[in-house]
Amino acid sequence: MAEHSAPLPYPSGWFCVGRARDLPPGRVRTARLMGEDVVLYRTRRGAVRAIGPHCPHLGAHFGAGGRVRGEELVCPFHGFAFAPDGSCTGSPNGTRFRGELARRRLVERDGALFVWRGGPEDGPDGAAPAWELPPAVGVRPLAWWSGELLSHPQEVMENSVDFRHVAVLHGLDTRESAPPEPDGPLFTVHQRTTTRFPGLGAVSLDQPVTLAGLGMMRLTAELPDLGSSLLVWVLPTPLAPWRTLVRFAVTATVPVPGVGAARAVDRAASWLALQASVRIIKQDRPVLAHKRYLAQPRLVPGERSIGLFRRWARQFYPEGSDAGTAVEPTGRTVEPTGGSRSGPPPAQGPSGRP
Ligand code: FES
Ligand SMILES: [Fe+2]
């Protein structure tokens with residue numbers, strides 16, 4: 001395993017800490033985020049909470065034996081109980097104390113749970129988030145994958161504006177169809193993938209990609225003629241300074257003539273689309289694990305979007321950090337002098353990147 005220093009600090013923002021379906025009522029789980037544990041639990045009535053792991057009484061870890069009792073979380077050590085607002089409500093002998101659970105901001109979006117992490121100057125993590133995630137689209141992912149990368153969320157997200165690597169590393173014909181649009185914490189990339197479908201020949205698909213901070217990327221593709229659509233979420237979560245868990249979630253919708261929307265068909269299509277995305281991230285993995293983050297890359301013409309992306313990403317770091325100091329393209333494109341231009345190999349299907 002390569003040794004990594006961390007030239008980029010942890011970014012602020014919303015980061016996925018798990019799937020909603022893995023936290024049914026009554027369950028307590030521990031997630032890892034930025035070198036710390038976060039304990040998640042769901043009360044019997046369904047309220048989801050995220051808290052710092054240690055009990056304010058004597059420091060026991062709620063993830064090691066804590067349990068849900070009705071609407072309360074009960075510590076395994078001395079049995080103090082806590083309400084969903086974090087306050088202590090009692091203990092086996094009726095004693096209570098003043099002092100609260102260290103609550104973290106948590107939201108659920110389309111089957112995924114996200115926790116807010118502020119920058120160092122934002123104060124405690126329970127403080128109000130600087131921005132909100134976009135609303136849910138109302139679609140449950142039908143297929144999931146997760147894997148670890150020796151990398152950083154910014155590096156993972158930068159893949160979405162690095163069109164040169166898409167042809168070379170992934171063999172896909174995906175191009176930028178319009179310049180990206182930064183909009184506060186959101187960043188929309190316009191891309192078009194040309195791919196071959198059996199019986200349809202080459203089809204060009206517009207696949208807008210929206211980043212919401214550095215913790216959520218959502219790609220949508222529609223095949224209006226077939227009534228099909230594809231949604232891919234890419235959710236990088238920093239575990240440690242240069243270690244990131246990436247989750248993929250996919251929902252493909254494929255109406256079947258005569259049957260209408262069939263869940264089983266959607267599931268199968270989602271699984272296939274997920275495999276395409278996983279193949280891609282497995283191609284990225286060794287490159288990301290060994291590459292070095294260059295604050296001053298030698299961008300060449302056609303790579304302005306990488307600079308734009310890095311300037312946009314600066315907002316997620318403390319003032320004065322040198323993250324995202326990328327500049328204008330400085331290199332030159334050398335035109336080929338005759339001979340046949342080698343194009344990308346045939347594309348394999350619409351898929352989420354990176
Ligand atoms: S440490 Fe939690 S109740 Fe004592
Ligand atoms: Fe990639």
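How many residues lie between β10 and β11 in their hairpin, and which residue in the turn has a positive phi?

Author: Two residues separate β10 from β11 in the hairpin, and Asp110 in the turn has the positive phi, about 45 degrees. First, some ground rules. This is a predicted model, in which local features need pLDDT of at least 70 and side-chain atom pairs count only at pLDDT 80 or more, while totals for chains, interfaces and linings use all residues. Residues are numbered from 1 along each chain as its sequence is written, and chains are lettered from A and ligands numbered from 1 in the order in which they are written. Helices and strands are DSSP runs numbered from the N terminus (helices: H or I, at least four residues; strands: E, at least two).

Now Asp110. Its phi is positive although Asp110 is not a glycine. Asp110 sits in the loop between β10 and β11. Asp110 counts as partly exposed because it has 19 C-beta neighbours inside 10 Å. The scale is simple: 20 or more other C-beta atoms within 10 Å make a residue buried, 12 or fewer make it exposed, and anything in between is partly exposed, with C-beta atoms placed from the backbone.

Next, the strands on either side of the turn. β10 and β11 run antiparallel and are joined by four bridges. Two strands pair if DSSP finds at least two bridges between them. Glu108 faces Leu113 in β11.

What about β1? Six bridges tie β1 to β11 (residues 112-117), and the two run antiparallel. Cys16 has Phe114 in β11 as its bridge partner.

Take Val17 as an example. Leaving out neighbours within four places in sequence, Val17 is in contact with Ala31, Leu33, Val38, Leu40, Ala50, Leu113, Phe114, Val115 and Thr237. Contact means that the two C-beta atoms, placed from the backbone, lie within 7 Å.

β2 (residues 28-33) and β3 (residues 36-42) run antiparallel and share six bridges. Val28 has Tyr41 in β3 as its bridge partner. Two residues lie between these strands as well, and Met34 takes a positive phi near 55 degrees. Met34 is in the loop between β2 and β3. Met34 is partly exposed because it has 17 C-beta neighbours inside 10 Å.

Another open sheet has four strands in the order β5-β6-β7-β8, again with antiparallel pairing. β5 (67-69) and β8 (88-90) are at the edges, each with a single partner strand, so one side of each has no neighbour in the sheet. Three bridges connect β5 with β6 (residues 72-74). Arg67 stands opposite Val74 in β6.

Glu71 lies in the loop between β5 and β6. Glu71 counts as partly exposed because it has 15 C-beta neighbours inside 10 Å. Beyond residues up to four places away in sequence, Glu71 touches Thr43, Arg44, Arg45, Ala83 and Pro84.

Finally, the wider setting. The protein has four helices and 21 strands. Of its 354 residues, 34% count as buried. Among contacts between residues at least 6 apart in sequence, 58% join residues at least 24 apart.
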